[in-house]
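Q: I am new to this structure and would like to learn how to read it feature by feature. Could you take me through it slowly, giving the general idea before each case?

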Amino acid sequence: MADAPEGRLVGRVIAMPADTNPEGDIFGGWLLAHMDLAGATPAFEMAQGRCVTVALDAMVFHQPVSVGDEVSLHATVVKTGRTSIRVHVEAWKRSRNEAHGEAVRVTEGVFTYVAIGPDKAPRPLPGAAA
């Protein structure tokens, strides 16, 4: 397991009680939604406009997230195509019980975004061959 986050910090959120599953851990869908938003940040910048999420590959949950944990989201663009951008997103937690504790990677995945135009059809990325 990695010692430190890869990619740039693009978001931070605190896990709240309303975000739990029936077992009391943070619901995976809540974490996935935050990761999707985090991955969209560099995708929107690179596309210089609107993008949509079209795929999620290689999602791995390493550890659960608990209520009160601070979750930091890090993103790295790993590949671009003519219209698409693949972004690796990592989520790291720091326990609320350890104010200066070490961050631990809890999940990661690769999200694919496609740049779209006003007609909602795919459009080439700026600088991509038409």
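A: Let us begin with the order of elements: helices (H or I, at least four residues) and strands (E, at least two) are DSSP runs, numbered from the N terminus. Read along the sequence, the protein chain here follows the pattern β-α-β-β-β-β, with one helix and five strands. This is a predicted model, in which local features need pLDDT of at least 70 and side-chain atom pairs count only at pLDDT 80 or more, while totals for chains, interfaces and linings use all residues. Residues are numbered from 1 along each chain as its sequence is written, and side-chain values use heavy atoms, with hydrogens and water left out.

Q: In what order do the five strands lie in the open sheet?

A: Two strands pair if DSSP finds at least two bridges between them. In this model the order is β1-β3-β4-β5-β2, and the pairing is antiparallel. Strands β1 (8-14) and β2 (51-61) stand at the edges, each with a single partner strand, so one side of each is left without a neighbour in the sheet. From one strand to the next, the twist averages 25°, where axes are lines fitted to C-alpha atoms, for helices over the stretch in contact, and angles run from 0 to 180 degrees between N-to-C directions.

Q: How many bridges join β3 to β4, and which residue of β4 is the bridge partner of Ala75?

A: Ten bridges join these two antiparallel strands, and the partner of Ala75 in β4 is Val89. Strands β3 and β4 form a hairpin, with three residues between them. Ala75 of β3 is also the bridge partner of Arg8, and β1 and β3 pair in the antiparallel sense over six bridges. Further along the sheet, strand β4 (residues 84-94) is joined to strand β5 (residues 104-115) by ten bridges, again antiparallel, and Ala91 has Thr107 in β5 as its bridge partner.

Q: Which strands does helix α1 touch?

A: Contact means heavy atoms within 4.5 Å. Helix α1 (residues 28-47) packs on the sheet and touches β1, β2, β3 (70-80), β4 and β5, with its direction making about 50° with that of β5.

Q: Which residues have the most contacts inside the largest nonpolar core?

A: In soluble globular proteins, nonpolar side chains tend to be buried together. A nonpolar core is a set of buried Ala, Val, Leu, Ile, Met, Phe, Trp, Tyr and Cys residues joined through side-chain atoms within 4.5 Å, and buried means under 20% relative accessible area, exposed over 50%, partly exposed in between (1.4 Å probe, protein chains only). The largest such core has 24 residues, and Leu31 and Val71 have the most contacts inside it. Helix α1 and strands β3, β4 and β5 each supply at least two residues of this core, and α1 gives the most, with seven residues. Leaving out residues up to four places away in sequence, Leu31 touches Phe61, Val65, Val71, Ala91, Val106 and Thr107.

Q: Are Thr112 and Val78 buried or partly exposed?

A: Thr112, which is found in strand β5, is buried with a relative accessible area of 9%. Apart from its neighbours within four places in sequence, Thr112 is in contact with Val52, Thr53, Val54, Ala55, Asp57, Ser84, Ile85 and Arg86. Val78, found in strand β3, counts as partly exposed at 48% relative accessibility. Not counting residues up to four places away in sequence, Val78 touches Arg86, Val87, His88 and Val110.

Q: Which residues form the aromatic pair?

A: Rings of Phe, Tyr and Trp (its six-membered ring) pair if their centres lie within 6.5 Å; planes under 30 degrees apart count as stacked, over 60 as edge-to-face and the rest as tilted. The structure holds one aromatic pair, formed by Phe111 and Tyr113, which is stacked at 6.4 Å centre to centre with 15° between the planes. Phe111 is buried, its relative accessible area being 2%, and Tyr113 is buried at 1%.

Q: What share of the contacts with a separation of 6 or more comes from residues 24 or more positions apart?

A: Such residues account for 70% of those contacts in the protein chain. As for the chain as a whole, buried residues make up 38% of its 130 residues, and the C-alpha trace spans about 50 × 30 × 20 Å along its principal axes.
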